[in-house]
Amino acid sequence: MKRNVLIIGAGGVAHVVAHKCAQNNALLGDIHIASRTLAKCQAIIASIGEKGSLQQPGVLRAHALDAMDVAATSRLIRETGSRIVINVGSPFLNMSVLAACIESGAAYLDTAIHEDPRKVCETPPWYANYEWKRRAACKQAGVTAVLGAGFDPGVVNAYARYALDHCFDKIESLDIIDVNAGSHGRYFATNFDPEINFREFVATVWSWENSAWKANAMFERRKEWDLPVVGKHTTYLTGHDEIHSLSQNLGIPDIRFWMGFSEHYINVFTVLKRLGLLSEQPVRTARGQEVVPLEVVKAVLPDPASLAPGYSGQTCIGDLVKGTKDGQAREVLLYNLCDHRASFEEVGSQAISYTAGVPAVAAAMLIAEGTWDIGEMANVEELDPAPFIARMNRMGLVTRIRDARGDRILDPAQDAAFAPEKRLSAAAR
Ligand code: NDP
């Protein structure tokens, strides 16, 4: 059994990860939080104390760390005896934290694809430019590395695999839909790191159609969906991490990612972009100072974690899957609803951070108990989704399924979803 966890980063997602690790420290052991700014790690530890999140008395410690420094990171992993590293710092850190895990033998988890600060919307499949180059090294060292274990990427990858294994003989299309029907009451803010958020949308939108990469411009293709509870929402085709792995791993011909945006978001985004303020390339000011416009915009926007106290409404994120089963056309929606206020009451965070943080801890627990401790690198869809979904159901992130038979909680242990129907169709034949 692997125990003791090192959390890298002390932002919105790390806050949730730390609380959920604390709620499960009987299995996960000592919890260490390391980030650039020590005070942010200490604030998270203080909030764990205030909420009484620790399942049992245990170690909770803050560390200052520059996670770009591989030697310093692997030293901290060894000193803390950490066997699992949950990397929820900036995605610029992935390759150095992964290197430290390979060097020290700890398991690695992250929630976003690696990014090079000077490049945006990279050529597909993006994972092949970075993480997948370390596959052989992970295998040789026997290091478990689970990539993209947040909600999207993460849970939506598991839903796709679940649909393939349990709901369909053949999948024709997978539309991943991400709608935040919440309201934070600010003039403008992003729900996670603004720099990373904008970088997703400033250049080519890649999707997988007819088993090939297709390029579109941002906000070029829109679609309205009628979703459970949150209702009708307009979404736009967006490039996203999970398309880069799902397209290579599951053999589904059409995979698209749709994200909901308000008209207000699009207006502000468009103005910032047209002024050049979303550029990742440095510019020089009249005083001779070199600045990256995108970093300046991040510095003036609200910290996403600060949105949590006044946030209301829900997120709805899921996979709409179409295909055939026993020769019949079928459509299934696998999804989750997450309430901003309930997330705040439980751990002091908004729902976007909550939906990203809970899966990372569920994955860490599966590694700790051995179920997902595979000793090599994998994207989430390469692992058995059933224990992941079942564990999240018990951790506050409940999976629902909507199909021809109605809308219900998906309990993979029972798997009532399709087995009875399978028997019926066999009897009918
Ligand atoms: P934040 O910007 O709030 O937090 C990032 C943290 O990383 C900060 O605490 C920052 O430290 C720390 N950090 C940055 N550089 C370094 C460094 N060199 N060394 C050590 N620490 C560093 O981001 P979020 O919490 O919103 O997001 C965290 C991750 O989760 C991102 O990768 C994001 O893309 C991903 N994400 C994934 C989602 C999913 O569903 N899969 C959804 C939402 C986010 P400091 O504050 O001191 O600068």
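Which residue in E5 is the bridge partner of Ile 86? The partner is Leu 109. The notes below start from that pair; the model they describe is predicted.

1. The parallel sheet. Seven strands form an open sheet in the order E3-E2-E1-E4-E5-E6-E17, and their pairing is parallel. The edges are taken by strand E3 (60-64) and strand E17 (377-379); each has a single partner strand, so one side of each is left without a neighbour in the sheet. On average, neighbouring strands of this sheet are turned by 20° against each other, direction ignored.

2. Strands E4 and E5. Within the order given above, strand E4 (residues 84-87) pairs with strand E5 (residues 107-110) in the parallel sense, over four bridges. Ile 84 stands opposite Ala 107 in E5, and Ile 86 has Leu 109 as its bridge partner there. In a regular strand, side chains alternate between the two faces of the sheet. Strand E5 is covered on both faces: Ala 107 and Leu 109 are buried on one side, and Tyr 108 and Asp 110 are buried on the other.

3. A helix on the sheet. Helix H3 (residues 38-51) packs on the sheet and touches strand E2 (31-35) and E3. The direction of H3 makes about 165° with that of E3.

4. Helix H7. The buried residues of helix H7 (residues 155-167) are Val 155, Val 156, Asn 157, Ala 158, Tyr 159, Ala 160, Tyr 162, Ala 163 and Cys 167. These buried residues pack against several elements. The strands among them are E7 (170-180), E15 (314-325) and E16 (328-339); the helices are H9 (241-249), H13 (351-369) and H14 (385-393).

5. Salt bridges around Glu 209. The structure holds 15 salt bridges. In one of them, the side chains of Arg 221 and Glu 209 meet at 2.7 Å, N to O. Arg 221 lies in the loop between E9 and E10 and Glu 209 in strand E8 (residues 205-209), so this pair ties together parts that are 12 residues apart in sequence. Glu 209 also meets Arg 256 in a salt bridge, at 3.2 Å, N to O. Here the pair ties together parts 47 residues apart in sequence, because Glu 209 lies in strand E8 and Arg 256 in strand E12 (residues 254-260). Both Glu 209 and Arg 256 are buried, with Glu 209 at a relative accessible area of 13%. Arg 221, by contrast, is partly exposed, at 24%.

6. Another salt bridge. Arg 400 forms a salt bridge with Asp 407, the closest N and O atoms being 2.9 Å apart. Arg 400 is partly exposed, with a relative accessible area of 24%, and Asp 407 is also partly exposed, at 35%.

7. Glu 220. This residue sits in the loop between strand E9 (212-216) and strand E10 (222-227). Glu 220 has 47% relative accessibility and so counts as partly exposed. Between Glu 220 and Lys 139 there are 81 residues of separation in sequence and 41 Å in space, C-alpha to C-alpha.

8. Backbone points to check by eye. Most residues other than glycine have a negative phi, and most peptide bonds are trans. The peptide bond from Pro 124 to Pro 125 is cis, with omega near -15°, and Pro 125 is found in the loop between E5 and helix H6 (135-141). A cis peptide bond also joins Asp 152 and Pro 153, with omega about 10°; Pro 153 is in the loop between strand E6 (145-147) and H7. Cys 121, in the loop between E5 and H6, has a positive phi near 45° and is buried, with a relative accessible area of 13%. Asp 326 has a positive phi of about 50° although it is not a glycine. Asp 326 lies in the loop between E15 and E16 and is partly exposed, at 32%.

9. A nonpolar patch. Val 271, Leu 275 and Leu 277 make a nonpolar surface patch of about 270 Å². Of these residues, Val 271 lies in helix H10 (residues 263-274).

Technical notes. Residues numbered from 1 in each chain as written. Predicted model: local features only at pLDDT ≥ 70, side-chain atom pairs only at ≥ 80, totals over all residues. Heavy atoms only, no water. Patch = residues over 30% accessible without salt bridge, like charges linked within 9 Å, V, L, I, M, F, W, Y side chains within 5 Å. Areas by Shrake-Rupley, 256 points an atom, 1.4 Å probe, with all protein chains shown as cover. Salt bridge = Lys/Arg side-chain N within 4 Å of Asp/Glu carboxyl O. Helix = DSSP H or I, 4+ residues; strand = E, 2+ residues; numbered from the N terminus. Pairing = 2+ DSSP bridges. Axes fitted to C-alpha atoms, helices over the stretch in contact; angles between N-to-C directions. Contact = heavy atoms within 4.5 Å. Buried < 20%, exposed > 50% of the residue type's maximum accessible area, 1.4 Å probe, protein only.
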